[in-house]
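I am opening a notebook page for this protein, and I want to write down what I look up, step by step. The sequence and structure come first.

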Amino acid sequence: MRKRAFTLLEVIVAATLVTVVLTAAYGVLTTGRRAADKGVKRLDRISATGRLLEQLKSVIRFSTSVAQISKEKESSSWLVTYCSGFEVSGALEEAVQISANRVSTNSSKKTTSVLRLQLDFLERGHKLKYELPDTSFDLKLAKRSVEVQLKSPSQGDVGMNVYTPSRNWLGAP
């Protein structure tokens, strides 16, 4: 009686098939992981943009004065005074300085332009910092509102008009 065994050719073919199947499975998993990471980064940027706009809206809505401190090619600053609450003696006013700076970051593959937006709450000593890649920021003053615009090629234009009862805009038309 003869023992049955696999021939060398059958073993090589089976090993090749297993290698092809495992390589394809690894490729699918790697592509899926990259897509998920890209989606998470995009959601983080969208979330940061939403938080920034909400913070700006809450400050600007109750502002009593807005003044542009500086405007240069890659940076600009505004000083916003706003009503943060009320006491028996009257309204509590605080000031926040909004600074927008564009910086270039170099990675191993490419140079990226990053918007660094910082809100300095001067009385509290509290700072909020946001970094948004490939985004531009503008704050425009109108008679009864402040227009905030964020522009990004990857996210499109995001903006809002904040209407406020304030009348003390320095530099408004």
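I began with burial, where buried means under 20% relative accessible area, exposed over 50%, and partly exposed in between, with a 1.4 Å probe and protein chains only. By that rule I found that buried residues make up 30% of the 173 residues in the protein. I noted that this is a predicted model, in which local features need pLDDT of at least 70 and side-chain atom pairs count only at pLDDT 80 or more, while totals for chains, interfaces and linings use all residues. I also noted that residues are numbered from 1 along each chain as its sequence is written, and that side-chain values use heavy atoms, with hydrogens and water left out.

**Overall layout**

Helices (H or I, at least four residues) and strands (E, at least two) are DSSP runs, numbered from the N terminus. I looked up 1 helix and 9 strands, and from the N terminus on the order is α-β-β-β-β-β-β-β-β-β. Helix α1 covers residues 8-61, and its 54 residues reach 79 Å from the first C-alpha to the last, close to the 80 Å expected at 1.5 Å a residue; the expected span is 1.5 Å times one less than the number of residues. Within α1, the buried residues include Thr30, Ala48, Leu52 and Ile60.

For neighbours I used contact, which means heavy atoms within 4.5 Å. Phe121 is in strand β4, and with 4% relative accessibility Phe121 counts as buried. Apart from its neighbours within four places in sequence, Phe121 is in contact with Gln55, Val59, Tyr82, Ala95, Val96, His126 and Leu128.

Beyond four places in sequence, its contacts include Ala67, Ile69, Gln97 and Ser99.

Thr135 lies in the loop between β5 (126-133) and β6 (136-141) and is buried, with a relative accessible area of 4%. Its side chain reaches the backbone oxygen of Pro133 at 2.9 Å. Setting aside residues up to four places away in sequence, Thr135 touches Arg102, Leu115, Leu150, Lys151 and Ser152.

**Pockets**

On a 1 Å grid over the protein atoms alone, a pocket is an open set of points where a 1.4 Å probe fits, with protein on both sides within 12 Å along at least five of seven lines, and lining residues have an atom within 4 Å of a point. Grid points are joined across faces, edges and corners, and a volume is the space filled by probe spheres set on the points.

The largest pocket holds about 440 Å³ of space. Of its 11 lining residues, the closest to its centre are Lys41, Arg45, Lys110, Thr112 and Pro133. The helix α1 gives the most to this lining, with 4 residues. For classes, Ala, Val, Leu, Ile, Met, Phe, Trp, Tyr, Cys and Pro count as nonpolar, Asp, Glu, Lys and Arg as charged, and the others, Gly among them, as polar. The lining of the largest pocket then divides into 2 nonpolar, 2 polar and 7 charged residues.

The second largest pocket holds about 190 Å³, and of its 13 lining residues the closest to its centre are Lys73, Glu74, Ser75, Ser76 and Phe137.

Terms used:
A polar contact is a pair of N or O atoms within 3.5 Å; within protein, one must be able to donate a hydrogen and the other to accept it, and residues adjacent in sequence count only if both atoms are side-chain atoms.
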